[in-house]
Structures are given as structure tokens and as C-alpha cells.
Amino acid sequence: LDKKVEMTNSETGNYINYKKMSENLKVVRDRLQHPLTYSEKVIYSHLDDPHNQDIERGVSYLKLRPDRVACQDATAQMAILQFMSAGMPSVQTPTTVHCDHLIEAQVGGEKDLARANDINKEVYDFLSSSTAKYNIGFWKPGSGIIHQIVLENYAFPGGLMIGTDSHTPNAGGLGMAAIGVGGADAVDVMAGLPWELKAPKVIGVRLTGKMSGWTTPKDIILKVAGLLTVKGGTGAIIEYHGPGVDSLSCTGMGTICNMGAEIGATTSIFPFNDRMYDYLKATKRQHIGDFSREYAKDLREDDGARYDQIIEIDLNTLEPYINGPFTPDLATPLSKFKEAVKENKWPEELKVGLIGSCTNSSYEDMSHAASIARDALDHGLKSKSIFTITPGSEQIRATIARDGQLQTMEEYGGVILANACGPCIGQWDRKDIKKGEANSIISSYNRNFTGRNDANPATHAFVASPDIVVAMTVAGTLNFNPMTDKLKDKDGNEFMLKEPTGEGLPSRGYDPGMDTYQAPPANRESINVAVSPNSDRLQILAGFPAWDKKDAENIPILIKCQGKTTTDHISMAGPWLKYRGHLDNISNNMLIGAINEENGEANKVKNAFTGAYDAVPATARDYKARGVKWVVIGDWNYGEGSSREHAALEPRHLGGLAIITRSFARIHETNLKKQGMLPLTFSDPADYDKIKPEDKVDLLCTQLEVGKPMTLRVHPAAGGAAFDVSLSHTFNEPQIEWFVDGSALNTMARKSAN
Ligand code: F3S
């Protein structure tokens, strides 16, 4: 293990440290004296202080040293702006930035990319110059989607990575613990500080048997999502194991890990196996595979490893699933889907089928999809629905262009979009229906919250494997089961689609396509990072003020949110993405998607001072101008969805003090703490119902102490005596400093100045 093996072919001098990892693990093993899961091995081998760190799953806060950081372009802007404000010459941990989120799908790959280069020039120039300046690898627009590029170039078994995107866990397909974080966490690690994570619980998914026919790896996670629901993975790593694992392709394992984000899991991971070795070899990293084989005993679970929960899935009997609409955990097996469509009156006609994205754009996925398209073409049929393909990377696009799958899908009627997120993140100029019109679409993506793809709340978005998506586009209706139903060919003769086939890895190797990577130059001092003061897209960050050391008295509730409040509701994507680097401008989307309990409407709240109804951001700005702090009341799993730190920066910027909920999604809770806000939960969740949107509250902030509850005094608007509600929190000592100083960055600046 003493060998020097580079972590990636695209950098020099950053080595895989199996030796150190194995030493750390020995220290931890001697202390814990019990068999370990693979997740624990990866996490504990990256402890900053393995000798003294408290280690209790679900309880201790671990201080960790990740191997890498990856940022997508939307989140990178704010992360780099924050990193700049800490005043360091270069990143202390290997970091890459990937341009994938800002490319809108309109007509097709090349034109859309050219237009994006034009529209986003200011941002791309900022990212290109700032990454060069601070020694960060830069993947230009057109290179592909972050998680696909990470899998192709940076992921390695046993590694620990953080990424400023919620689908970072995709790298679990290569045995890496890859965790989605907010930009503020990325800034810490870029600055060389240890990164803190509550020791995750470990949910084991034991796979037995072997898949066949129409069932794909995607169906495993669709089923798991149905079993665990969007909350079920919270605070846990989902660790796959068992004899069924070896039959899955590495990219298929990536798909499963990717979509683990939909059940709130910290991350998902597979043990190192021969399929990963094959993929490393195919992506010109056989030397890494060989090195991993030397360390193999620590790249899987120990015999007798203890899981907090076990789920068993028999792949022999697993059938394809279709999840949705509106939530990824509504899982319906294909055999029951037609009935469900009828019962729920989901629109039957399939308007659009979309494949690709970071979740499902492997060579295997594309080959399967093309095989179904070819089958349809052979019967004289083309896609009945609009059909789009977003290749996950330039390498995938170039390879399927060389090998013919791309042409087959085009012939079938498919539109090849840019190698980017596109419709998955609402970057979709959809023209075929009007806003508000009920309709159905189905994608091989991961996330299907209301309005995510096309900003139309009436769009019923379903999620399935690429195989099922393409099959459905042949029929043009949701009332089609390719396993049992016949279609009519061009002459009216009945036929059934053949089971999809296709290679997992390209037998001729991958074609890298265009060179889209910019390595940081050797001489970086002379590089200027310019941000125009007139820019409406980028704004140099001013620090937040420190806490005034007082309890807050008689402050208003800006909004009491009803039901689901995802990060999409708190800081909407789509057209707002372009203001990600400009905090004041993007704050105009704060909570505009959340439903006000008082009137059941979005973005319409009553101003506590004027009594007038106005938009949520405008009302917050009014309170801020009056020097009045405010709170938000939220329901279960508040802030689920993406790692979007703007969802925390915006309320802080507009003068919020606390977000009080029944429970939080992990990343959002941490993000709020980093920005100097108070994420608090009702000690008794039933207290949520006792508070009315027009009530005023006192928040006794001076009570903030590790492990102690805080008091919220409620002054009912309807009259009657004030009453107290107990609030819980998860702050530890260092995090309390963030609140006191005004933000984690303020604490960092204060400490480095001392
Ligand atoms: Fe992009 Fe959608 Fe993945 S936004 S990173 S393709 S989840």
C-alpha cells in the first residue's frame, strides 16, 4: 500500500492514500472491537483524529478529511465567492468545477450549447478565471454532467468525496462515499478545514438473485424509494451487499446510488467488486483497480457487520417500477401501473419521454434504449411522444455517436440535447403544451417534484428506467406494459417489443470526444478574477452581522408553510438559476413556492405591520427595513430536495432569525447553521398545530446551549394568554459559535485572523 497511485489521470500529485486509510482503520478497529460495515470503513478511515474521535452511529459528529470536492456551476459560484472572501491563495483539497446546470434545452445539443455560452459568458468567465486562480480543475460547458464526469475520472473505491449537488452519491457506484453538501461545507474543505458529519447509521440492502428481461438497476432504487419513502434514508448510508451485487454493472450501481438522494440518504454505496474493476479499466484506470485489489479486504463489509435496518430484495422476482407523479417515492410496479393511471385519473397520453441525465446515461443505458428504438423502427414505427436524450458526458455522446446508438435514436425521432442537466433542472423551453394544462411525461431522471422539469404544476412527471421510458414512447400512452401488451406495426400487424439488449461497456473502448477540460495553469499569481460591480448575476459577498446577544421579542411569522416545503419551494430553480452568484437578486425567489397555511396560496402572505398581502420576499424586505427579525414555521422534512445553500442564504440575507419545523432534511439544516440561522424543531411535533400564521413569537436565543431545548413564547393573534413551546436543536459547540459570530465564514475569518 506504499505505492504512489494518482487519484485521477487528469491531475498530478494527488495520490490515493490507502496506507493512511488502513492505519486509521486499525486505530478505530482496536477501539470499537466489532465488525464494520463498508460505509463505516470508508468514513472512519477518513477521520481527522481516529484516536480521540467519539464514534457512535447516529449520535457523534465526526470530523473528516475528504479526498476531493466537486462543484457544479450553479453552486460553484457562491462556493467560490465564499472561498474568495476567506482570503487564501489556493484550494487545500483537490477540487473540480463542472458546467452542467446552466444550459437550457431548446432545439438540440450544439445550438443550445452555443446559446448558453453566450448567455452565461459572465459566469463561465468568472468560473474559468477563478478556478485557474485557485488551482481548481475546470470542466467547460459541453463536457457533461458532474456526476458522470466524476464517475469517469475521479471516483475510486474507498474514497470520500463531497460535492455541492445532491446527486453526488452517484460515485457510490465505484465504491466511493460521495456526499452532497451545501456550498458552505465545500468552502470549509477547500480551505483545508475538516468537514463535519453526524456519524451515519447504516441501512443494508441485501440483494440476491439476478435480474432479467425488462428489469434494470434503476428498478432496485425505485423499489427501495417506495419502501423507505422520501424520509426513510435520513441520517443513514444505504449500503448494498449480498450475492446479487456482482450481477450489476458499475454504472448501474451508480444509478442506484444516485437516486438514493431521493430517500434523503446521506449517501449510498456498493462494495468494490470486479464490475468496478472492469469499469476502471474501460476508463483507462486499470492501475487504480489493481491498487484497490491490494486493499480489497477493507473495501467491503466485514462478516457479521451490523446494520441498523436490513432490506432484502430478490432480483429474480423484481419487476420494473414507475414512480410518481409529483414525488419519487410513489412506487407502482409495472404490472399495476395501468390500473393506477385509471384510478388516479392521471393523463393517459404520454406527451414526452426523456432519457439520460446524471442518473441514467451510461453506455449500457444508451445501448438498451437504442435497441428498443431499433425494434420499433424495424416495425416501421417512430416515437409517438416527443423523445429527448441528454447524454451524461461528452465521452458518452462521442462513444454512442461512433457506435451508432445515437443515430438510431435520432432516426426513431429522438432529439439529442446538450451534455448537461437540461430539463432535469427546469432548463427546458417546453413548447408542446400550455402552462397549467394537465399532461404526463416520463423520464429516466431521479427527481420529479411538482414543476421541476417544465415549471408547469399540472405536469405529471413519472420516473422509470430508460428502457421503460423508450417503450412507453413507442406506445405514446401510459397504458402500455411492454411485458404483456402488443403493439401494431405500420401495416396493422400485432407484435411485442423484444426485451432490451446491449453492451455494458463499449467493446472498442470509450471515445473521449472533444477536449473540454481546463487544467489550472502552473503560474496562477497573475490571473485576475474580475466581478463587475454592475453585474446582475455576480455579487461579491459581504459578511452577515454577528448575533446581537439578545432574545428576539414579539417578532412575526413570515410564513407558516403547509405540507411539503422542498428546497425548490424555498429557492426555486429554473429561471432563477442565473442569479445564483448574486445573493440580493436571487433572494427575490425566497419561499415563493411554499404554501401559506392561512390562505392555501403560494407567495401571498399578510404583512404583520400593514395588514396588506404581498409576496413573501417583499414582505421579508419590509420587515428587514423596519429592523424586525422574523421566523418561518415549517412541516416535516423541511428543506428536502437539493443541497441548494441559497435556500439558507436568502432567509439570512432578508433578515430571518429561525426556521422552526417538525423536522429538517439534513443538508438544509446544516446550511442554515452555516449561515448563522437557527434551525429548530418542535420538541413535540403536535405543537406545529398550536401556532397560527398571524401569531407573534418571542424566541429565547440566549438559551442556546448544546443538548438543551429552547423556548418559543407564542402570543396568539386571536387573543388569549401567551403560551410556551419547547424547541429542540442539533447544535454542537463549534456550530453555536457560527450563530454567535453571524456565520461559519465569520468564525473562520475570526479564527484565521487570531
Ligand atoms: Fe443535473 Fe438533474 Fe443530475 S440537475 S446533476 S442531471 S439530478
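This is a predicted model: local features need pLDDT of at least 70, side-chain atom pairs count only at pLDDT 80 or more; totals for chains, interfaces and linings use all residues.
**Entry 1. Domains**

I began with the division of the protein chain. The assignment gives domain 1 (18-314), domain 2 (321-333 + 340-493) and domain 3 (552-753). I then looked up the spacing of domain 2 and domain 3. Their centres, taken over C-alpha atoms, are 38 Å apart. Five residues from domain 2 and five residues from domain 3 make the contact. I sorted the domain 2 side of this contact by class. Three of its residues are nonpolar, one is polar and one is charged.

**Entry 2. Ligand shell**

Next I went to the ligand. Which residues are closest to the ligand? I found S357, C358, C421, C424 and I425, out of 14 residues that surround it. By class, the shell holds seven nonpolar, four polar and three charged residues. I also checked which domains supply the shell. Domain 1 (18-314) and domain 2 (321-333 + 340-493) each give at least three residues.

**Entry 3. The open sheet**

I traced an open sheet of six strands. Its order is β6-β5-β2-β3-β4-β21, and the pairing is mixed. The edge strands are β6 (177-180) and β21 (517-518). Each has a single partner strand, so one side of each has no neighbour in the sheet.

Strand β2 (residues 68-72) runs parallel to strand β5 (residues 160-163), with three bridges between them. In this pair, A70 sits opposite G163 of β5.

Two helices on this sheet went into the notes. Helix α3 (residues 73-85) packs on the sheet and touches β2 and β3 (95-98). The direction of α3 makes about 115 degrees with that of β2. Helix α7 (residues 183-190) also packs on the sheet, where it touches β2, β3 and β5. For α7, the angle with the direction of β2 is about 140 degrees.

Strand β25 (residues 630-634) and strand β26 (residues 656-661) are joined over five bridges. G634 stands opposite T661 in β26.

**Entry 4. Helix α9**

Is helix α9 (residues 250-259) largely enclosed or open? I counted 10 of its 10 residues as buried, so the rest of the structure largely encloses it. The buried residues include C250, G252, M253, I256 and N258. I listed what they pack against: α6 (146-153), α8 (217-228), β9 (236-241), β10 (267-269), α10 (274-282) and α13 (363-378).

I checked burial in helix α14 (residues 394-403) next. E394, Q395, I396, R397, T399 and I400 are buried there. Their cover includes α6, α13 and α15 (405-411). I noted α6 and α13 among the elements packed against α9 as well. After α14 comes G404, with a positive phi near 100 degrees.

Last, I looked up strand β15 (residues 386-390). Four of its five residues are buried, which leaves the strand mostly covered. Strand β14 (residues 350-356) pairs with β15 in the parallel sense over five bridges. V352 has I386 in β15 as its bridge partner.

Key:
Residues are numbered from 1 along each chain as its sequence is written. A residue is near a molecule or strand if its C-beta atom, placed from the backbone, lies within 6 Å of it. Ala, Val, Leu, Ile, Met, Phe, Trp, Tyr, Cys and Pro count as nonpolar, Asp, Glu, Lys and Arg as charged, and the others, Gly among them, as polar. Domain bounds come from an automatic or database domain assignment. Two strands pair if DSSP finds at least two bridges between them. Two residues are in contact if their C-beta atoms, placed from the backbone, lie within 7 Å. Axes are lines fitted to C-alpha atoms, for helices over the stretch in contact, and angles run from 0 to 180 degrees between N-to-C directions. A residue is buried if 20 or more other C-beta atoms lie within 10 Å of its own, exposed if 12 or fewer, and partly exposed in between; C-beta atoms are placed from the backbone.
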